[in-house]
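Visitor: I am new to this structure and would like to learn how its features are read. Could we go through them one at a time?

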Amino acid sequence: MAADVPNPATPGDPVDVEAIIARNTVKRAVFAGPLIVAIFGAFGGLGGAVGSLVGVVVVVVNFLVAGLVLSAAARVSLGLYHAAALFGFLLRLVLVSITMVAVARLADIDRVAMGVSAVVAYLVLLSWEAWAVSRGAERELEWIS
């Protein structure tokens, strides 16, 4: 480990890797989200921008919930971690779908912009985080090497 990078944990302390990755993904959403909203706003007007904003927010909340659930499960046991990874993903997909359908029924927003921006935000943020981790850009995770 580099001398100028502090280790966030002492040996033996559990490090919530999943929560750290989720927080880093949310930090990237601060840059990617407005760009996605602006693109949909340019093509769909205010309705497109609002729909896109809802889609991006749903994705960001999904990443945060995933990080917290996986970190909590990892502290309990490996089996619970695996169950949380598999069934948590399926449950979060259902919750994202229910949330987006409910918002679409309750508010008059651009449904296409909301759905497409959610998919785009998910793929962009996931790819960006994977690229950052593989390139060693995540200083908080240097303890794993």
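Visitor: Which element gives the largest share of the lining of the largest pocket?

Guide: Before the case itself, please keep in mind that this is a predicted model, in which local features need pLDDT of at least 70 and side-chain atom pairs count only at pLDDT 80 or more, while totals for chains, interfaces and linings use all residues. Residues are numbered from 1 along each chain as its sequence is written, and side-chain values use heavy atoms, with hydrogens and water left out. As for the general idea, rolling a probe the size of a water molecule over the atoms shows where empty space is left. On a 1 Å grid over the protein atoms alone, a pocket is an open set of points where a 1.4 Å probe fits, with protein on both sides within 12 Å along at least five of seven lines, and lining residues have an atom within 4 Å of a point. Here the largest share of that lining, nine residues, comes from α1, where helices are DSSP runs (H or I, at least four residues) numbered from the N terminus.

Visitor: How many residues line the largest pocket, and which lie nearest its centre?

Guide: The lining has 16 residues, and Ile21, Phe63, Ala66, Leu70 and Leu126 are those nearest the centre. Two or more lining residues are given by each of α1 (17-76) and α3 (111-134). The space in this pocket is about 280 Å³, a volume being the space filled by probe spheres set on grid points that are joined across faces, edges and corners.

Visitor: How do the lining residues of the largest pocket divide into nonpolar, polar and charged?

Guide: In this scheme Ala, Val, Leu, Ile, Met, Phe, Trp, Tyr, Cys and Pro count as nonpolar, Asp, Glu, Lys and Arg as charged, and the others, Gly among them, as polar. The lining of the largest pocket then has 10 nonpolar, three polar and three charged residues.

Visitor: What volume does the second largest pocket have, and which residues lie nearest its centre?

Guide: Its volume is about 190 Å³, and among its 13 lining residues Val59, Leu93, Val96, Ala118 and Tyr122 lie nearest the centre. Here α1, α2 (78-106) and α3 each give two or more residues, and the lining has 10 nonpolar and three polar residues but no charged ones.

Visitor: At what angle do the axes of α2 and α3 cross?

Guide: An axis is a line fitted to C-alpha atoms, for helices over the stretch in contact, and angles run from 0 to 180 degrees between N-to-C directions. The axes of α2 and α3 cross at roughly 155° and come within 10 Å, which means that α2 is roughly antiparallel to α3, a term used for angles over 145 degrees. The crossing is right-handed, meaning that the near helix is turned clockwise from the far one by less than a right angle.

Visitor: Which residues of α2 and α3 make the contact?

Guide: Contact means heavy atoms within 4.5 Å. Phe89, Met100, Val103, Ala104 and Arg105 of α2 meet Arg111, Met114, Gly115, Ala118 and Tyr122 of α3, a set with seven nonpolar, one polar and two charged residues.

Visitor: How do α1 and α3 pack?

Guide: Their axes are 10 Å apart, at an angle of about 145°, and α1 passes α3 in a right-handed crossing.

Technical notes:
Parallel < 35°, antiparallel > 145°, perpendicular 65-115°, else oblique.
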